[in-house]
Amino acid sequence: MGTSTDGNSIYLSDVGEILLESKPAKDLISYNDTPAISFTVNVKPGEDIPSVDESVSIKMMELSNSLPSSIEFNEYYSQATLVTDIFKGLYMSLAIAVIAVILTSSLGLSLSGAFVMALAVPLSVLIGLIPLPFANVDLNQISIIGAIIALGILVDDSIVVNDNIQRRYRLGDGALAGAVNGVKEIWVSIVTSTLAIVFTFSPLIFLSGGNGAFIRALPTVLITTILASTIVALFFVPMVRYQLYKRSNKMISDTPGLLGNH
């Protein structure tokens, strides 16, 4: 209500009309030009994306059974497929790298040495992955790449120990004496070289900020894998060589590989 210049009251109904109308709702989310509801699941740090995706799919299937048939469920985007494809490629690369290291090492090793390498390489990698959860490092792209890089380094210790034990057997040592003396002669050098690698990569673990969090998995995997390879070289390799020699040194040829013949 208002007042005119002459003092008379003017009502809105005298000059116009007021209607209450609802504004048409604007569609914020659509799928194939059809109004839709978006349901997004965020994964917490440390959780397994494929496992979470599987659990969510099961729950969504249960929900779809309780809703009218006119409602359709569609998966718009899932990281599980991308993560699975990435890790399949990384695992394949890791497997190829292991096979390549074993085959390459076999060129200069005897049949027994090649057999030891075939056991020592994957064992070192597996043992090196055990401490990762305690170091708050996930099995991700960076850690897998770190394991692949470590493959070229971890074989050194096992090869050196294997060759020295084989040298002791050629000198006439018995099964146990050859294994013990072969390790005793070179264990200091093995441990020293391992510590040099560990201290070289250790500063990368203590990098701060986002860059440190991103790169920390790589040096951690390198260090744990190299330490595992040293343990394998000093304990596992002598035990295998001892068992092979004790059973029958005639069953395992000590003839060098292709490169060892030249």
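What share of the 262 residues in the protein chain is buried? In this predicted model, buried residues make up 30% of the chain.

**Overall fold**

The protein chain contains nine helices and four strands. Along the sequence, these elements follow the pattern β-β-α-β-β-α-α-α-α-α-α-α-α. Among the contacts in the chain with a separation of 6 or more, 71% are between residues 24 or more positions apart. The accessible surface of the chain comes to about 17,300 Å², and 63% of that surface belongs to carbon and sulfur atoms.

**The largest pocket**

The largest pocket has a volume of about 1,300 Å³. Its lining is formed by 35 residues, and those nearest the centre of the pocket are F39, M60, N74, E75 and Y76.

| Element | Residues |
|---|---|
| Strand 3 | 30-31 |

Helix 2 provides the largest share of the lining, with nine residues.

**A nonpolar surface patch**

Y76, one of the residues nearest the centre of the largest pocket, also belongs to a nonpolar surface patch of about 520 Å², which is made by Y31, Y76, Y77 and L82.

Note on methods: Residues are numbered from 1 along each chain as its sequence is written. This is a predicted model: local features need pLDDT of at least 70, side-chain atom pairs count only at pLDDT 80 or more; totals for chains, interfaces and linings use all residues. Side-chain values use heavy atoms; hydrogens and water are left out. Patches are made of residues with over 30% relative accessible area and no salt bridge: like charges are joined within 9 Å, nonpolar side chains (Val, Leu, Ile, Met, Phe, Trp, Tyr) within 5 Å. Accessible areas come from the Shrake-Rupley method with a 1.4 Å probe; for residues, only the protein chains shown count as cover. A salt bridge is a side-chain nitrogen of Lys or Arg within 4 Å of a carboxyl oxygen of Asp or Glu. Helices (H or I, at least four residues) and strands (E, at least two) are DSSP runs, numbered from the N terminus. Buried means under 20% relative accessible area, exposed over 50%, partly exposed in between (1.4 Å probe, protein chains only). Contact means heavy atoms within 4.5 Å. On a 1 Å grid over the protein atoms alone, a cavity is a set of points where a 1.4 Å probe fits but cannot get out, and a pocket is an open set with protein on both sides within 12 Å along at least five of seven lines; lining residues have an atom within 4 Å of a point. Grid points are joined across faces, edges and corners, and a volume is the space filled by probe spheres set on the points.
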